[in-house]
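Please read this briefing alongside the sequence and the structure.

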Amino acid sequence: MTLEVAIKKRFPTFELDVAFEAASETLGFLGASGCGKSLTLRCIAGIETPDEGHIIVNGKTFFDKKRRINLSPQERKTALLFQNYRLFPNLNVAQNVAAGIGGKVSRKERDRLVDAELRRFSLGSFEKRYPAQLSGGQQQRVALARMLAAAPGILMLDEPFSALDSHLKGVLEQNLVSLFDAFDGTILYVSHDIDEALRFCDRIAVVEDGRIVELSRGKDLVNNPQSLASIKLLGCKNATDAQYVDEHRVRLPKWGIELTTAQPVPEEVRHLGIRASFLVAIAHHTANEPSMNRENVFRVRVERVSDARFERMVLLAFMDRADFGVPVVMASDDEMRFLHQHVFWRVDTLNVPEGQLPRQGDELLIHIPPDKLYLTVC
């Protein structure tokens with residue numbers, strides 16, 4: 001089972017330009033809304049037509065601009081699960097499952113396929129019900145059963161849990177385990193949730209502005225992201241422009257500091273990231289203590305604090321900023337530029353006594369561990 005895609009599609013204000021290959025695996029597409037994830041799947045399914053390139057599934061050419069090949073969605077025999085499942089409201093469960101099976105299949109074989117998928121997804125007692133009589137989870141199981149009954153060459157799922165609350169999402173995710181176990185082929189999975197992608201996908205393609213900026217296994221993506229888009233999708237609160245100083249040192253103009261790194265710094269480095277939970281407080285009320293001569297230790301002032309259930313998010317300003325040509329701005333002048341000159345620090349309120357929690361106006365020393373830094377070249 002193989003998939004080969006290299007396509008371009010242009011719009012007045014957006015261009016999709018993606019190229020990738022996949023085997024018998026689950027390949028995730030991770031990115032912000034509007035980055036081109038769903039459009040890629042729609043092009044593979046034949047719902048959208050690329051302007052250039054080719055799409056080949058299991059040796060069969062679905063699309064080739066130069067050779068003037070463009071199979072219809074029916075000829076491509078793909079299965080694309082949308083967010084709303086798109087069941088036929090006038091058909092019952094059994095009929096919906098049967099709807100995807102080709103017309104050349106005998107009645108006996110059709111009934112066998114439908115019965116097998118109804119049993120796989122525990123839908124036997126619902127076969128005579130109509131979609132309006134089903135819960136959201138039951139509708140999803142019907143849609144998954146229909147996908148497998150059609151024996152597609154490729155499975156594609158477009159953010160199937162985006163409209164669900166966290167509790168229901170956790171329950172319905174188990175339905176996908178049955179789907180993935182039963183399908184031997186390429187599965188494409190679109191999401192904007194990094195944890196969801198890590199649970200289901202063998203590899204993850206990070207998509208930004210219509211292009212794949214990184215494609216790697218989940219563990220590699222988490223431990224060694226190669227792009228700013230990946231850093232942000234991983235939930236890293238602190239990401240800033242970086243400049244090469246030497247093999248183990250970077251300059252961060254917006255923060256006004258330089259950092260020592262445990263990993264070698266590529267000369268083409270562009271961004272640095274550090275998780276808010278990785279910052280370490282050295283001491284409180286240390287305005288007169290020297291800091292710049294200690295490795296990655298800096299004097300900071302608490303500008304803002306905000307509390308959630310189990311954490312306090314703290315906005316820190318560097319007190320000894322170096323002049324790297326980036327003027328200091330106030331929040332009243334430009335809120336976004338103001339935030340970009342500060343770092344976020346996440347404090348676990350379950351493990352820090354109330355009297356030791358940082359408060360607005362506090363001055364302290366913060367250590368930024370050299371081995372906790374992300375460096376990217378794009």
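In what follows, Ala, Val, Leu, Ile, Met, Phe, Trp, Tyr, Cys and Pro count as nonpolar, Asp, Glu, Lys and Arg as charged, and the others, Gly among them, as polar. By these classes, the lining of the second largest pocket consists of 7 nonpolar, 5 polar and 4 charged residues. The model is a predicted one, in which local features need pLDDT of at least 70, side-chain atom pairs count only at pLDDT 80 or more, and totals for chains, interfaces and linings use all residues. Residues are numbered from 1 along each chain as its sequence is written, and side-chain values use heavy atoms, with hydrogens and water left out.

**Overall make-up**

- The protein chain contains 10 helices and 22 strands; helices (H or I, at least four residues) and strands (E, at least two) are DSSP runs, numbered from the N terminus.
- The C-alpha trace of the protein chain spans about 85 × 50 × 35 Å along its principal axes.
- Of the 378 residues in the protein chain, 47% count as buried; buried means under 20% relative accessible area, exposed over 50%, and partly exposed in between, with a 1.4 Å probe and protein chains only.

**Pockets**

- On a 1 Å grid over the protein atoms alone, a pocket is an open set of points with protein on both sides within 12 Å along at least five of seven lines, and lining residues have an atom within 4 Å of a point.
- Grid points are joined across faces, edges and corners, and a volume is the space filled by probe spheres set on the points.
- The largest pocket has a volume of about 670 Å³. Its lining comprises 20 residues, of which Thr78, Ala79, Leu80, Gly100 and Arg146 are the closest to its centre.
- At least two residues of the lining of the largest pocket come from each of helix H2 (73-76), strand S7 (79-81) and helix H5 (136-149). By class, this lining has 14 nonpolar, 3 polar and 3 charged residues.
- The second largest pocket has a volume of about 340 Å³. Among its 16 lining residues, the closest to its centre are Lys232, Lys237, Ala239, Thr240 and His340.
- Strand S12 gives the most to the lining of the second largest pocket, with 4 residues.

- Arg76 belongs to helix H2. Arg76 is buried yet has no salt bridge, and the nearest side chain of opposite charge, Glu75, is 6.9 Å away; Lys and Arg count as positive and Asp and Glu as negative, while His and the chain ends are not counted.
- The side chain of Arg76 reaches the backbone oxygen of Ile44 at 2.9 Å.
- Leu375 is placed in strand S22 (residues 374-376), and it is buried because its relative accessible area is 5%.

**Salt bridges**

- The whole structure holds 20 salt bridges, each being a side-chain nitrogen of Lys or Arg within 4 Å of a carboxyl oxygen of Asp or Glu.
- Arg107 forms a salt bridge with Asp111, with the closest N and O atoms 3.5 Å apart. Both residues lie in helix H4 (residues 107-120), 4 residues apart, about one turn of the helix.
- Arg107 counts as exposed because its relative accessibility is 65%, whereas Asp111, at 41%, is partly exposed.
- Glu258 forms a salt bridge with Arg251, and their closest N and O atoms are 2.7 Å apart. Glu258 counts as buried at 16% relative accessibility, and Arg251 counts as partly exposed at 28%.

Conventions
1 Å grid on protein atoms, 1.4 Å probe; cavity = no way out; pocket = protein on both sides within 12 Å on 5 of 7 lines; lining within 4 Å. Polar contact = N/O pair within 3.5 Å; in protein donor to acceptor, adjacent residues only side chain to side chain.
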